[in-house]
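Keep the sequence and the 3D view side by side.

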Amino acid sequence: VGKFVGREDKKFSFIREPLLAKIFSKGNYEKYNTSTEGFKRFTQVTLRYFLFILNTIIGNVEPKMCANNYKDIDPTKITSGASLKYRKFLLNVDFEGEVRSYEPEAIALAERTIKAVTDNAINGAGLDSVKLSNVIGKALVNSDATEQLMINAQFNSLFESIRTNLEEEYERLMAIWIEEGSIPENKPLDPFNVIATIDVSGSMQAANVMNPAILLGIIVTKLSKLGNTFITFSAAPTLITINPDDNIFDIFLHVKNSEWGGSTDIDKANRKLAGMMRDYKSINPDFSGQINHIIFTDGQFNKGFCTGWYDSLVTYSYYDYSEAFNVDKDTNVWNTAVNRMEKYFTNYDLSMPNTIFWNMNANSPGFPTTGDMKGLQLAEGLSHGMLVSILTNACEYKEDENGVMKASISPVESFQKTI
């Protein structure tokens, strides 16, 4: 708590007066508010000293930084967020990349920080992946090798924490499955059988969600047992192969240098995935197609998502869907992208992947399916926080009334499990 009680006239300073009234006036805010200015100054100074002592006890790095107390800063004990935020201070460089201080203790702190980085002892597991993705995006062109080394170490720490959490949850689900009799059709879906598709259309850039989508796509691809490839989701979907052993900057730059822009063609992306799975099945006939497929998008799909029309037939606007309901334009059958997706995979004797539509842009909601449709999940947000839950929600595959083998999870059930 002490970390977030701001100084006077600073962020979170609104917490101070109710707290002071609680401590010095037994919670009587009116009594405190009408007390003398001298008494108020006394309470503010007392609280300031109390918070300083509290922050010293819990090891917050900010008071030590303010006092230039370099020798008492242990880089391995700093929280993930503070390490990322204050990385230049820890490495003794300013915002222009020059040496910040020639004091021996500042130089020694930088040496301790670099040692913590090379020993994989720097904290990163608690990072916000959104902030990290934007830091990486900026650091691609505005950082030196040492700073990139530190950020990469923090990314590795974050990635390993996600992988560990996913392994532990999968082991827990498998133990339950074994305890309940190891019924084959109830076997939990392996969360590491996953492939990512990243929407790289122009609307993703306009919504400023490209960096978080790329980072999540990289994390999912590094987790996957299915290879080191993901699909870019645009007018011309492309396979992007990464080297999982490269540092995060090399991978990020490789992805950023891929072709971006265009529109959002879900059918081409799904046909490409189905073709990949068909080719794999020709090598491994036992492959069923029971995988997780996460589509990172911003909810802005081509109108063909609804009816299968081609863009040349009708002028399209993101904000005008009236044409989508005139089925006489194309067919008298309501033909959604999800219906077509089922056909792509069943035609190759494959199960439909457990498909997660992950909307990265809350300002442009999209609803690609109904809440009760099986084999699909809906997620929304920029951070990795839901990833473990999303990948372990689908616990079994069943054949539906149309003969489609799909995961027995719906968007509503996935939401209930996640919360």
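K40 is buried, because its relative accessible area is 14% (buried means under 20%, exposed over 50%, partly exposed in between, with a 1.4 Å probe and protein chains only). An α-helix has 3.6 residues a turn, so residues three or four places apart point the same way.

A word on the ground rules. This is a predicted model, where local features need pLDDT of at least 70 and side-chain atom pairs count only at pLDDT 80 or more, while totals for chains, interfaces and linings use all residues. Residues are numbered from 1 along each chain as its sequence is written, and side-chain values use heavy atoms, leaving out hydrogens and water.

The structure holds 14 salt bridges. One of them joins D267 and R340, at 2.7 Å from N to O. D267 sits in helix α13 (residues 266-283) and R340 in helix α15 (residues 337-346), so the bridge ties together parts 73 residues apart in sequence. D267 is buried at 12% relative accessible area. R340 is buried too, at 9%. Elsewhere, salt bridges with shared partners join R87, K88 and E147 into one network.

Now the rings. Aromatic pairs are rings of Phe, Tyr and Trp (its six-membered ring) with centres within 6.5 Å; planes under 30 degrees apart count as stacked, over 60 as edge-to-face and the rest as tilted. The count comes to seven pairs. Y70 and F89 have ring centres 5.6 Å apart and planes at 20°, so this pair is stacked. Y70 is in the loop between α4 (61-66) and α5 (80-85), F89 in helix α6 (residues 87-90), and 19 residues separate them. Both Y70 and F89 are buried. Ring pairs also link F24, Y32, F39 and F42 into a cluster.

Finish with helix α1 (residues 16-24), where R16, L20 and A21 are buried. Seen down the axis, the buried residues of α1 fall within an arc of 130°, so they line one face of the helix (the arc is that of the directions from the helix axis to the C-beta atoms).

Methods. Helices (H or I, at least four residues) and strands (E, at least two) are DSSP runs, numbered from the N terminus. A salt bridge is a side-chain nitrogen of Lys or Arg within 4 Å of a carboxyl oxygen of Asp or Glu.
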